[in-house]
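Have a look at the structure below and get your bearings before reading on. This briefing walks you through it a piece at a time.

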Amino acid sequence: MAASPNGHDYRVIGTRPVRHDGIEKVTGQAKYGADYNFPGMLYGKILRSPYAHAIIKSIKVDKAAALPGVKAVITANDLPALPDKMEQAGEMALNMSHLSANIMARDKVLYDGHAVAAVAATSPHIAEEALRLIEVDYEVLPPVMSVEEAMKPDAPILLPGLRNKEEGPDKPTNVATHLQFKRGDVNEGFKQADYVVEREFKTAMVHQGYIEPHNAVGIYNPDGHATIYCSTQGSFVVRSLSAAVLGMPEGNIKVVPAEIGGGFGGKTTIYLEPLSVLLSKKTGHPVKLTMSRAEVLRATGPTSGSTIRCKMGCSKDGKLLAAQIWMAYEAGAFPGSPVGAGAMTIVAPYNIPNLLIDAYDVVVNRPKTAAYRAPGASNAAMASETIIDELAEKCGIDPCDFRIMNGAREGTPQTAGPPYRRIGYIETVEAIKNSPHYKSKLEGPNRGRGVASGFWFNVGLQSSAIVNIHTDGTASVVIGSVDIGGTRAAQAMIAAEVLGLDVNDVRPLVTDTDSIGHTDVTGGSRTAFATGWAVYEAAQDVVRQLKERAAKLWEKKPEEVSFANGLFTAQGDGIKPMTIKELAGRLARTGGPISGRATVNARGVGPAFATTVIDVEVDPDTGKVQILRATVAQDVGKAIHPSYVEGQMQGGTAQGIGWALNEEYFYDERGILRNTGLLDYRMPTCLDLPMIETCIVEVPTPGHPLGIRGVGEVSIVPPPAAVANAIAHAVGVRMTELPMSPPRVLKALLSKRTRAEAQAAAAGS
Amino acid sequence: MAKKVVVEANINGEPIEFLCEPRQSLLEVLRDVLELTGSKEGCLTGDCGACTVIVNGRPLCSCLMLGVEAQGKTIQTVEGLAAPDRLHVLQQKFLEHASLQCGICTPGFLMSAKALLDRNPKPTEAEIRYALAGNLCRCTGYDKIVRAVADAAQTLASGQQPAGHLGSGPSATEQTERFLQEQEVK
């Protein structure tokens with residue numbers, strides 16, 4: 001039995017069974033989106049803009065359409081024009097004209113790689129040849145690549161219709177939103193402070209880097225219905241957004257979620273899906289669209305690069321007194337960067353009495369950003385967590401102790417106002433402080449150790465679940481949350497726990513949008529929390545119904561039947577306790593089959609905190625930073641399957657290290673992306689990383705039946721700052737730009753040497 | 001368009017013939033002609049390793065080899081890794097160590113790891129990391145992958161048979177026991 005922190009003993013939860021979909025995934029049988037083929041299927045390809053910013057004067061498709069094997073060519077004119085205002089699509093409020101124009105450019109292209117036309121042909125090679133025959137006449141405009149350029153008063157305007165409240169209804173702008181968060185009086189706070197550190201940070205645009213490119217197979221039926229097979233984090237999102245873009249009733253589209261080869265937030269929107277349906281409608285055949293890696297990098301949704309000015313002050317005994325932050329995030333070509341989340345996370349781990357945060361969402365000629373694991377929080381934490389480290393250093397206080405002193409606890413106000421309920425931030429710092437890693441001695445030249453923390457909100461949202469009892473007493477769990485990293489196993493474990501079954505007697509199934517109630521994305525670290533809650537309730541529904549059946553057999557009232565440890569019992573002579581398996585064989589005679597159902601709109605989500613310690617060695621000649629050791633502590637509420645929880649913590653840490661050290665979008669002066677492959681978009685390999693040690697901290701989320709907290713995201717937040725702090729302690733330079741690639745670190749080292757030499761010369765003269 | 005070519009190769013122990021266009025990569029042939037979709041396309045430039053197969057004993061990216069170059073070659077793909085009734089020890093260890101999250105990189109890792117263990121049955125951690133550096137995984141941080149490969153090597157070296165049944169459900173014995181129990185209940 002695994003003892004839980006809230007006093008429950010679990011039989012299945014907390015164990016490490018082999019995942020139910022494992023065999024398919026190690027034998028190559030699992031079907032990902034690109035693995036679907038259908039009789040008569042055609043292949044689609046997309047023509048993309050070679051310019052960052054241009055007006056589309058005309059598109060001629062005749063030659064392409066005439067190529068043998070080409071069955072259809074489409075442009076934005078084949079999609080309905082949608083209103084330039086916020087509208088509901090299913091559950092999401094979006095500007096539909098932006099969504100549509102991102103999928104297929106209308107009038108203007110706004111980034112290198114922006115889609116302008118699509119072709120369906122009998123082979124992918126013919127489709128590619130056809131793209132070369134499409135003639136597009138562009139009027140090239142100057143590109144706007146950074147938030148600084150975009151915010152200048154005379155900057156070229158990307159979206160003629162864009163306005164913000166401050167500048168008023170008559171002023172075209174590239175600033176979509178200005179948010180402000182305020183508490184106390186920062187000027188007063190800084191006056192009281194003994195130490196104040198202020199720095200400006202720049203972080204590069206980075207990509208989620210999932211290994212599987214986007215894909216979609218669209219099959220349009222002449223009766224007006226369509227089916228989409230695709231790898232997505234949210235089949236219901238694909239349905240509602242595709243319906244909106246195509247002008248189809250939502251219920252006429254069925255989305256079948258394929259296995260998904262990574263998403264990290266990047267597969268929570270649509271790109272190819274509606275185009276596959278439209279091409280299928282035009283040709284009468286199923287049409288498969290898959291992206292190349294270059295298309296993924298150029299034209300899907302990376303996360304924002306940012307500029308952050310961060311000033312923080314504390315008393316000499318280490319009490320944080322004030323923080324003032326100015327932050328601007330690249331939204332990409334259309335509004336919607338995660339700058340609001342950045343603002344609300346940047347100092348979320350701390351209790352700071354005086355706070356002023358100004359946050360700007362700015363459009364630039366880069367691809368429209370999408371969610372990326374704790375969106376907006378990692379670049380924000382790079383600023384705040386390195387300044388926290390400097391303040392701790394100035395006070396002569398251990399960085400863990402400094403965080404514990406100032407750390408958020410139950411009752412501490414969050415940036416947006418309401419106080420935290422029970423959270424486990426302090427526990428994560430204590431776990432790091434007590435870890436073998438932190439207690440070990442780091443020796444050798446050019447080596448340093450850095451600590452940083454991170455916060456992520458997590459979300460709840462809606463989920464549906466069905467639990468069926470089979471006649472042999474086994475069960476199936478049907479969910480709409482796609483399995484991106486062990487979801488099936490976790491959900492089956494929750495049902496098995498409730499039902500008293502062996503975990504292998506519960507088969508989990510991820511199904512399509514027609515076969516299960518609405519379920520929001522696998523994202524926001526919500527799946528174990530919210531879908532897990534729905535599965536828990538559905539399994540409880542099964543137990544309730546089974547109690548009724550047992551009561552019938554025993555001629556008792558249902559409330560007289562109890563269920564514990566997998567056995568139904570009741571008081572009375574001759575009553576022999578029954579297992580679910582025994583009862584299941586008698587369902588036909590007691591009222592028919594049993595399915596348990598539940599839907600949740602999960603409230604009371606528990607936010608996640610992580611604290612990470614990283615050791616580095618800096619090569620003083622090249623500026624290359626080697627990660628020597630890394631340990632991450634994270635509050636997970638309750639670990640359902642600890643191996644997959646550790647996996648999330650390790651994976652997020654690895655992505656955070658990539659963001660810290662190497663990953664970066666390189667645009668040239670014309671706004672053309674120059675690193676469109678995985679050789680030059682440099683993600684961590686096996687050789688770049690050590691083993692990643694994990695400390696699972698379990699502070700249950702109040703109100704959740706199992707105490708679960710989302711675990712998917714927060715571990716990516718601390719590493720960039722932890723690495724920067726480690727570099728500072730290794731070689732004495734404070735890095736303020738991401739990535740901390742060899743050229744940037746070397747530059748910082750050389751300017752430090754130049755300064756030191758100049759000082760020595762001045763002292764000598 | 002150049003005419004299609006007949007190619008003869010041995011794939012997963014079977015001598016086969018296929019027709020392919022000269023411009024088709026081996027990966028495209030495997031996936032679209034032979035319906036062996038276990039090899040995945042992640043980049044088409046040899047950077048991610050998701051399409052790794054073993055050709056004449058050497059691991060390589062099937063996206064970088066033409067289908068016509070398979071003539072006369074012996075090729076192993078992930079579909080040929082398990083025996084009919086038993087997983088390969090690497091597959092079993094990947095499952096036990098939870099070495100996959102999304103699973104898209106897994107076939108490539110398995111083939112690179114198999115090629116490693118075929119030529120170096122007792123690799124160090126550094127050797128494992130070096131051999132797998134051509135395969136990208138974005139989910140796991142590699143920790144559990146490296147552990148699985150090390151564990152598989154140890155299991156193979158010790159001469160133990162891995163316990164892996166093909167299918168993670170109950171074994172035949174367990175099923176028989178359950179059947180008998182259920183008979184008793186009735």
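Here is a short tour, starting with the prediction itself and then going through the chains and their parts.

Keep in mind that this is a predicted model. The predictor gives the complex an ipTM of 0.97 and a pTM of 0.95. In the complex, chain A and chain B touch, with 48 residues of chain A in contact with 51 residues of chain B.

**Where chain A meets chain B**

- Start with the chain A side of this meeting place: helix H1 (22-27), helix H17 (580-584) and helix H19 (642-661) of chain A each supply at least two residues to it.
- H19(A) gives the largest share of that side, with eight residues.
- By class, the residues on the chain A side that touches chain B come to 20 nonpolar, 21 polar and seven charged.

**Chain B overall**

- Chain B has six helices and five strands, and going from the N terminus they come in the order β-β-α-β-β-β-α-α-α-α-α.
- Chain B has 186 residues, and 53% of them count as buried.
- If you take the contacts in chain B with a separation of 6 or more, 60% are between residues 24 or more positions apart.
- For confidence, the mean pLDDT of chain B is 90, and 85% of its residues reach 70 or more.
- Watch out for residues 165-176 of chain B, where the pLDDT is below 50. Beyond near neighbours in sequence, this stretch has 16 contacts in the model.

**The two domains of chain B**

- Chain B is divided into domain 1 (5-80) and domain 2 (89-157), and their C-alpha centres lie 21 Å apart.
- The two domains of chain B touch through 14 residues of domain 1 and 13 residues of domain 2.
- On the domain 1 side of that contact, strand S3 (52-55) and strand S4 (58-61) of chain B each give two or more residues.
- S3(B) has the largest share of that side, with three residues.
- The residues on the domain 1 side in chain B split into seven nonpolar, five polar and two charged.

**The two domains of chain A**

- Chain A is divided too, into domain 1 (2-30 + 460-602) and domain 2 (376-458 + 606-751).
- Taken over C-alpha atoms, the centres of these two domains of chain A are 37 Å apart.
- Where they touch, domain 1 of chain A puts in 20 residues and domain 2 of chain A puts in 25 residues.
- Helix H15 (487-499) and H16 of chain A each supply at least two residues of the domain 1 side, and H16(A) has the largest share of that side, with five residues.
- That domain 1 side in chain A has ten nonpolar, eight polar and two charged residues.

- Three strands of chain A form an open, antiparallel sheet in the order S24-S25-S26.
- Why do strand S24 (562-564) and strand S26 (578-579) of chain A each have one side without a neighbour in the sheet? They stand at the edges with a single partner strand each, so there is no neighbour on that side.
- S24(A) pairs with strand S25 (residues 567-569) of chain A over three bridges, in the antiparallel sense. Zoom in and you can find Ser562(A) with its bridge partner in S25(A), Thr569(A).
- Helix H16 (residues 527-554) of chain A lies across S24, S25 and S26 of chain A and runs at about 45° to S25(A).

**Helix H8 of chain A**

- Helix H8 (residues 273-283) of chain A is mostly covered, with nine of its eleven residues buried.
- Among the buried residues of H8(A) are Glu273(A), Pro274(A), Leu275(A) and Lys281(A).

**One residue up close: Pro399(A)**

- You can find Pro399(A) in helix H12 (residues 399-406) of chain A.
- Is Pro399(A) buried or exposed? Pro399(A) counts as buried because it has 28 C-beta neighbours inside 10 Å, and the cut-off for buried is 20 or more.
- Leaving aside residues up to four places away in sequence, Pro399(A) touches Asp389(A), Ala392(A) and Val451(A).
- Pro558(A) is 159 residues from Pro399(A) along the chain, and their C-alpha atoms are separated by 57 Å.

Key
Residues are numbered from 1 along each chain as its sequence is written. Chains are lettered from A and ligands numbered from 1 in the order in which they are written. This is a predicted model: local features need pLDDT of at least 70, side-chain atom pairs count only at pLDDT 80 or more; totals for chains, interfaces and linings use all residues. Helices (H or I, at least four residues) and strands (E, at least two) are DSSP runs, numbered from the N terminus. A residue is buried if 20 or more other C-beta atoms lie within 10 Å of its own, exposed if 12 or fewer, and partly exposed in between; C-beta atoms are placed from the backbone. Two residues are in contact if their C-beta atoms, placed from the backbone, lie within 7 Å. Ala, Val, Leu, Ile, Met, Phe, Trp, Tyr, Cys and Pro count as nonpolar, Asp, Glu, Lys and Arg as charged, and the others, Gly among them, as polar. Two strands pair if DSSP finds at least two bridges between them. Axes are lines fitted to C-alpha atoms, for helices over the stretch in contact, and angles run from 0 to 180 degrees between N-to-C directions. Domain bounds come from an automatic or database domain assignment. pLDDT is the predictor's confidence in each residue, from 0 to 100.
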